[in-house]
Amino acid sequence: RVERAPVALGKHEVTNEEYRRLKPTHSSGSFKGVSLGGDRQPVVMASYDEAVAFADWVNRTAQLPEGYTCRLPDGKEWLTYAQCGDGRKYPWGNDWPPKYGNYHGQEGDADWGRIDGYNDGFAVSCAVEQSGRNDWGLYGVGGNAWEWTSEMFSADGGRVIRGADWFTAGQDYAPRGRVSFECAFRPYGSGSMSGLRLLLVR
């Protein structure tokens with residue numbers, strides 16, 4: 001499943017079902033009793049190191065086009081497909097609230113801020129096919145799960161994750177939804193909002 005833009009990249013985030021082909025016992029957990037582990041939900045609770053290991057496993061086992069390999073995108077590549085090449089603030093354009101994606105809208109848990117005027121129908125992550133499609137045909141670029149990149153953040157090996165997640169909430173959180181916004185974790189760190197998408201390169 002590859003979408004061809006200026007770079008060839010996964011149409012969807014990697015799912016639990018796909019990731020469990022490498023690690024059958026992997027658990028993406030749950031949030032307040034709602035599962036994050038459905039087959040078609042994006043895999044989370046995967047560290048940068050584990051994301052790299054998954055890409056390496058795909059390269060060893062999948063029938064890729066001749067001369068191609070999979071890896072995580074770097075920061076510039078991620079921005080290219082998130083912005084559809086035109087520098088937009090958000091995956092859908094320049095205005096807030098979201099026009100699509102999976103964020104913490106009116107459907108979310110009332111214990112923390114909810115995005116005014118927005119309801120995506122999912123209290124936590126959703127199936128990757130339901131996570132919103134950008135102008136280049138890529139799903140889940142906005143919300144659903146943060147995505148690891150190979151971009152270095154610190155000398156101790158910290159890596160940048162981009163794209164926001166289902167937890168991103170509140171009017172004050174609009175900057176976190178911008179494609180330019182970045183978070184960082186150590187390469188062995190993981191959380192219930194961090195996932196991955198693979199890039200196909202020659």
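Rings of Phe, Tyr and Trp, the last through its six-membered ring, count as a pair if their centres lie within 6.5 Å. In this predicted model, Tyr90, Trp92, Trp96, Tyr100, Tyr103 and Tyr118 form one aromatic cluster. A search of the whole structure finds 15 aromatic pairs. One of them joins Trp146 and Phe181 in a tilted arrangement, at 6.2 Å centre to centre and 40 degrees between the planes. This pair links distant parts of the chain, since Trp146 belongs to strand E6 (residues 146–152) and Phe181 to the loop between H4 and strand E8 (182–185), 35 residues apart. Another pair brings together Trp166 and Phe167; their ring centres are 5.6 Å apart and their planes stand at 80 degrees, so the pair is edge-to-face.

Asp165 lies in the loop between strand E7 (159–162) and helix H4 (174–177). Its side chain makes a polar contact with the side chain of Trp146 at 2.3 Å. A polar atom of the Asp165 side chain also lies 2.5 Å from the backbone nitrogen of Phe167. Beyond its neighbours within four places in sequence, Asp165 is in contact with Asn102, Tyr103, Gly143, Asn144, Ala145, Trp146 and Met193. Tyr103 is also a member of the aromatic cluster.

The accessibility of these residues is as follows.

| Residue | Relative accessible area | Class |
|---|---|---|
| Asp165 | 2% | buried |
| Trp146 | 4% | buried |
| Trp166 | 0% | buried |
| Phe167 | 29% | partly exposed |
| Phe181 | 26% | partly exposed |

Thus the tilted pair sets a buried Trp146 against a partly exposed Phe181, and the edge-to-face pair sets a buried Trp166 against a partly exposed Phe167.

Definitions and conventions:
Residues are numbered from 1 along each chain as its sequence is written. This is a predicted model: local features need pLDDT of at least 70, side-chain atom pairs count only at pLDDT 80 or more; totals for chains, interfaces and linings use all residues. Side-chain values use heavy atoms; hydrogens and water are left out. Helices (H or I, at least four residues) and strands (E, at least two) are DSSP runs, numbered from the N terminus. Buried means under 20% relative accessible area, exposed over 50%, partly exposed in between (1.4 Å probe, protein chains only). A polar contact is a pair of N or O atoms within 3.5 Å; within protein, one must be able to donate a hydrogen and the other to accept it, and residues adjacent in sequence count only if both atoms are side-chain atoms. Contact means heavy atoms within 4.5 Å. Rings of Phe, Tyr and Trp (its six-membered ring) pair if their centres lie within 6.5 Å; planes under 30 degrees apart count as stacked, over 60 as edge-to-face and the rest as tilted.
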